[in-house]
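User: Could you walk me through some side-chain contacts in this one? I'm new to this, so please spell out the terms as we go.

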Amino acid sequence: MSISCTRNFFGRFCVEEYNIDTIKQSSFLSSDLLPSLGARINQSTKLRKHIISPFNPRYRAWEMWLVILVIYSAWICPFEFAFITYEKDAIFIIDNIVNGFFAIDIVLTFFVAYLDSHSYLLVDNPKKIAIRYLSTWFAFDVCSTAPFQPLSLLFNYNGSELGFRILSMLRLWRLRRVSSLFARLEKDIRFNYFWIRCTKLTSVTLFAVHCAGCFNYLIADRYPNPRKTWIGAVYPNFKEASLWNRYVTALYWSITTLTTTGYGDLHPENPREMLFDIFFMLFDLGLTAYLIGNMTNLVVHWTSRTRTFRDTVRAASEFATRNQLPHDIQDQMLSHICLKFKTEGLKQQETLNNLPKAIRSNIANYLFFPIVQNIYLFQGVSRNFLFQLVSDIDAEYFPPKEDIILQNEAPTDLYILVSGAVDFSSYVDGHDQIQGKAVIGDTFGEIGVLCYRPQPFTVRTTELSQILRISRISLMSAMHAHGEDGRVIMNNLFMKLRGQQSIAIDDTSNDQENRDFQRMGWEEWREYSRKDGYVSNVKDSSSENGETALMDAIHKGDTEMVKKLLEKGINIEKPKALAEQRGNKSICDLLSSYEMTRAEEEKLEETQGEKSNSGRAGKSHGNDSDQHCSSSIQIKQFKRKDKRVTIHMLSQEKDRLERKKGKLIVLPSSIEELLRLAGEKFGGCNFKKITNAENAEIDDLDVIWDGDHLFFSSN
């Protein structure tokens with residue numbers, strides 16, 4: 001490994017910076033302090049003089065150096081405790097140098113700021129830092145750093161006193177730094193979590209083996225009869241053997257016991273060793289369970305996505321086989337599942353959903369705004385409209401040869417192609433014919449969404465594509481909130497349609513389709529935008545389109561939309577059957593009332609004669625002018641000036657309405673005239689109150705719709 005590679009590797013541990021300009025990965029997640037919520041901000045916080053930031057790269061390097069010294073202390077403490085007597089040799093000098101570094105760290109800690117657990121801000125007050133350290137780890141750090149080896153030499157025990165050896169074992173307290181290091185590395189996305197966990201588990205196992213071997217040898221070394229020990233029974237003169245042979249023998253016994261191998265060549269020979277072996281084997285049970293549990297969890301977590309993917313593919317294949325689906329549909333299902341498996345690791349939508357709405361809006365504005373503002377449909381709209389629209393955009397991936405929109409499908413979403421390519425095809429004479437292609441930056445689905453018509457084409461991807469999806473509800477809501485921008489969007493759509501002379505949804509009905517699109521002008525959209533935000537093509541004079549819209553409203557259970565659609569003189573034979581099938585009583589009553597009203601109107605028109613004929617001629621003339629003004633977007637529709645309502649007298653005895661006694665009248669110009677006219681119709685009654693079918697009192701004629709049922713009462 002070169003020097004530069006080594007420097008870069010250790011730089012991962014030491015540097016805690018986040019560079020936005022170079023788009024580097026943030027490493028504040030590796031901090032044992034609060035990640036993300038305050039790390040970047042605290043890095044630039046100006047602290048008091050002589051106070052060190054815990055995020056300082058030099059301080060991180062110092063901590064890394066101390067971790068290396070902790071690893072040395074973790075090995076040498078049990079080894080010295082069992083095998084080595086205190087002497088003024090090289091190990092003695094090294095131990096005291098190591099203690100000196102940790103003594104410096106104790107002093108340095110009084111000048112290191114800390115992160116407050118309540119405010120998540122760095123505290124640089126020296127008094128608060130000192131109080132916090134003195135009340136937590138100060139005493140333990142001092143005991144683990146005290147020079148007990150030199151102190152033992154001041155006594156006449158020649159460095160062999162067991163009490164000083166036990167006190168020297170307090171240096172193992174420093175292992176908490178290693179535990180903190182592993183905790184940081186597990187949260188650091190630059191390192192593989194699996195291998196970090198494996199390294200931690202291996203380190204715990206080796207440390208347990210090392211300590212058990214050292215402690216077991218110490219029991220044998222201090223037993224009065226060396227031959228009655230686990231090692232003396234095999235090697236009677238084991239104390240004269242080399243230090244290496246004794247240490248290896250101790251590790252051999254420890255590993256065979258930990259792994260429950262138990263060859264039988266080394267076994268306890270006295271009660272002390274038996275008692276120690278009992279506790280060590282009980283400890284081994286817990287350690288083995290801990291290791292197996294963690295390793296199993298890692299392996300299962302590592303393979304869980306693949307197992308889930310295989311189960312999903314198997315379930316999809318069985319579903320396709322059981323239902324005898326065509327091969328092209330099976331291929332689309334499997335391609336979609338495979339793409340979802342490959343992109344699942346990105347977790348883009350899951351990440352966005354876990355963020356507050358303001359942050360999601362900022363992200364969407366940064367990612368999607370440059371794309372959306374270049375779409376022809378949104379040329380000339382305000383920035384506020386686009387900002388509201390991009391906040392509700394979803395990004396999706398589609399594999400090759402997958403259908404995004406089906407021909408004649410109900411309009412639901414508007415799509416923008418970001419990358420990849422799609423084909424437009426239509427089903428003609430029993431075959432799919434390619435009508436066109438879309439390139440990056442094109443839109444599709446806008447005809448169905450804005451004109452509320454069935455989708456004219458089937459849209460299918462030809463390669464891996466990323467597509468932005470805008471729901472119809474979000475688009476219409478934004479257009480309703482920004483009326484002028486809505487007009488611009490509708491004009492852009494009609495200009496686009498007039499410019500595409502080659503569009504051929506159906507050769508036999510091409511002219512009619514173009515006229516239908518043009519009749520869907522801004523004037524119509526604006527009128528329904530003022531009425532509860534509904535934007536649709538309900539004013540289309542085509543009976544077939546109106547009937548489709550009415551059936552869609554019945555499916556949704558939208559009573560208000562049904563009322564508005566009935567004003568257009570739509571055939572209700574099929575919609576009425578649908579309403580009866582769905583069991584929607586309120587809509588069934590509304591359609592029945594409309595049917596009765598239409599019957600009364602036909603009788604009135606028969607008696608009007610000349611007036612009725614002139615009215616029909618006016619309507620025909622309106623249709624002709626509509627056909628000859630195909631270049632105009634704003635088309636004036638025929639509107640009925642007078643509203644016709646059905647009036648009922650509310651029975652005071654039975655407290656229910658009598659529909660058979662309903663009378664069709666033309667709505668007068670005031671409430672007073674309406675009460676007077678109702679009184680004359682029902683035998684001179686003096687009515688004082690008017691209610692609708694929902695039993696809501698009416699005191700203003702503007703809230704009465706054409707075809708409504710009104711109920712009059714005297715109280």
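User: What do the side chains of Arg487 and Glu484 do?

Analyst: The side chains of Arg487 and Glu484 meet in a salt bridge, 2.6 Å from N to O, where a salt bridge means a side-chain nitrogen of Lys or Arg within 4 Å of a carboxyl oxygen of Asp or Glu. Please keep in mind that this is a predicted model, in which local features need pLDDT of at least 70 and side-chain atom pairs count only at pLDDT 80 or more, while totals for chains, interfaces and linings use all residues. Residues are numbered from 1 along each chain as its sequence is written, and side-chain values use heavy atoms, with hydrogens and water left out.

User: How many residues apart are Arg487 and Glu484 in the helix?

Analyst: They are three residues apart in helix α19 (residues 483–499), and that separates them by about one helical turn; helices here are DSSP runs of H or I with at least four residues, strands are runs of E with at least two, and both are numbered from the N terminus.

User: Which residues are linked in a network of salt bridges?

Analyst: Asp394, Glu396, Asp413 and Arg469 are linked in such a network. Within this group, Arg469 bridges to Glu396 with the closest N and O atoms 2.9 Å apart. Arg469 lies in strand β10 (residues 465–471) and Glu396 in strand β3 (residues 394–398), so the pair ties together parts 73 residues apart in sequence. Glu396 is partly exposed, with a relative accessible area of 25%.

User: Switching to rings, how many aromatic pairs does the structure hold?

Analyst: The structure holds 27 aromatic pairs. Rings of Phe, Tyr and Trp (its six-membered ring) pair if their centres lie within 6.5 Å, and planes under 30 degrees apart count as stacked, over 60 as edge-to-face and the rest as tilted. Phe110 and Tyr133, for instance, form an edge-to-face pair, 5.1 Å centre to centre with 80° between the planes. Phe110 sits in the loop between α4 (90–109) and β1 (114–115) and Tyr133 in helix α5 (residues 126–134), so the pair ties together parts 23 residues apart in sequence. Phe110 is partly exposed at 21% relative accessible area, whereas Tyr133 is buried at 6%.

User: Which residues form one aromatic cluster?

Analyst: Trp75, Phe79, Phe83, Tyr217, Phe238 and Tyr247 form one aromatic cluster.

User: Last one: what lies over the face of Tyr376?

Analyst: Lys496 lies over the face of Tyr376, 4.9 Å from the ring centre. A charge sits over a ring if NZ of Lys or CZ of Arg is within 6 Å of the ring centre and within 35 degrees of the ring normal. In another example, the charged end of Lys663 sits over the ring of Phe682, 5.9 Å from its centre.

How values were computed
Buried means under 20% relative accessible area, exposed over 50%, partly exposed in between (1.4 Å probe, protein chains only).
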